Amino acid sequence: MNNRLKSVLCSNLLDYLLVTDSLNMYYLTGYQGRLGFCLISRLGKVYLCVPKHLKTQALRSDLNNYEYEVITYSTTVTLFNNTNIIPKGSILGFENNLPFYLFNLLKNISHIQLKNVSALIEGLRSIKSNQEQEHLIQASKIALNSLDSSLHNLTTEYTEIQLEAELMSEIIKNGGDGFPFRFEVSSGNKTDLLHTRPSNKKIKNNQILLIDFGCIYKGYNVDIARTYSVGNPPKEADLLYELLYNLQQKIITKIKPNICIQDITSFANDLFKSLKIEDKIFHDIGHGVGLSVHESPYLSPNSTETLQTGNVLNIELGLHHPVFGGFRLEDMILINKHGNEPITRSNRRLLNILRR
């Protein structure tokens, strides 16, 4: 894995890269402390630099993406002025979120040449190691098992916010570490709105229920959306759900290594136009997921990226309807050398939730 770092630094003509983004630091070392930063050398070596009192914490890691060494310091001034750490004439790359105090310190150190770079580590993060894939798979299992339990407990007295609380409780009981965002639990016409918060509205029979939720496991996020019927919906609702499911599956079949994202989004837009539903589709069709719930690669028509083996993507489709509200499906896939494989998979049919 450290050879990937070496390649990135060499291609960007850097002697060192200073990493200050907390998620990137966690990706490199598993370190979750609030103080410190990482230095990566041109040879691909990773140094986790922390104040002396945090050395023990720095040596503990839940990840083994990269090998790293710990360097302790009393002050950042003494660390960066030490030419044994960063030799004279070195080109030091830094991320966009470099703290202002650290930028001011570095620009006044004469033997270091600064170079602003962005998204280098994020690009590496987009290709998941076997361990990262296992974390995402486990997170998805926790999330879906928790959803099944929560829906089983659903009663006619539940409000949207009570269902959210039940689902969060189940995720923690089943081994989840937390939640990537406030869940969206919407019913009835409210499902037509994006990013709404659960309310004290009771979940009534013969309505659509939309749940967009997630789970964090060992720092890795999953993002899943499901649409259900509470009671018996009109037949048209079944047909709309089936349409959305089939569209999602057609798009998934096109996803494979070395395909341009623009080719996928063009294919999807042609599908929507052929059915005359392009004005009824929610947002872009998907995004990468990992340490952040939204990360590279983004399935946007403006993207110039190419998909690669090891990408984990969320394929997310939403469809507006003036009577029933909104239908949304969101599933995770892993790109492999043969194409892709599902991590989660929506139900083929609109499920009716039978309530006590």
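**Figure 1. Salt bridges across the predicted model.** The structure contains 11 salt bridges, each defined as a side-chain nitrogen of Lys or Arg within 4 Å of a carboxyl oxygen of Asp or Glu. This is a predicted model, in which local features need pLDDT of at least 70 and side-chain atom pairs count only at pLDDT 80 or more, while totals for chains, interfaces and linings use all residues. Residues are numbered from 1 along each chain as its sequence is written, and side-chain values use heavy atoms, with hydrogens and water left out.

**Figure 2. Close-up of E295 and K128.** These two side chains meet in a salt bridge with an N to O distance of 3.0 Å. E295 sits in strand β11 (residues 295–298), and K128 in the loop between α6 (120–125) and α7 (130–152), so the pair links parts of the chain 167 residues apart; helices (H or I, at least four residues) and strands (E, at least two) are DSSP runs, numbered from the N terminus. E295 is buried at 6% relative accessible area, and K128 is buried at 4%; buried means under 20%, exposed over 50%, and partly exposed in between (1.4 Å probe, protein chains only). R125 joins K128 and E295 in a network of salt bridges.

**Figure 3. Close-up of R182 and E164.** Here the closest N and O atoms of the salt bridge are 2.6 Å apart. R182 lies in the loop between α8 (160–173) and β7 (184–187), and E164 in helix α8. R182 is partly exposed at 36%, whereas E164 is buried at 3%.

**Figure 4. Close-up of R349 and E242.** This salt bridge spans 3.3 Å, N to O. Because R349 lies in the loop between β14 (339–342) and β15 (352–353) and E242 in helix α9 (residues 235–253), the pair ties together parts 107 residues apart in sequence. R349 is partly exposed at 47% relative accessibility, and E242 is partly exposed at 29%.
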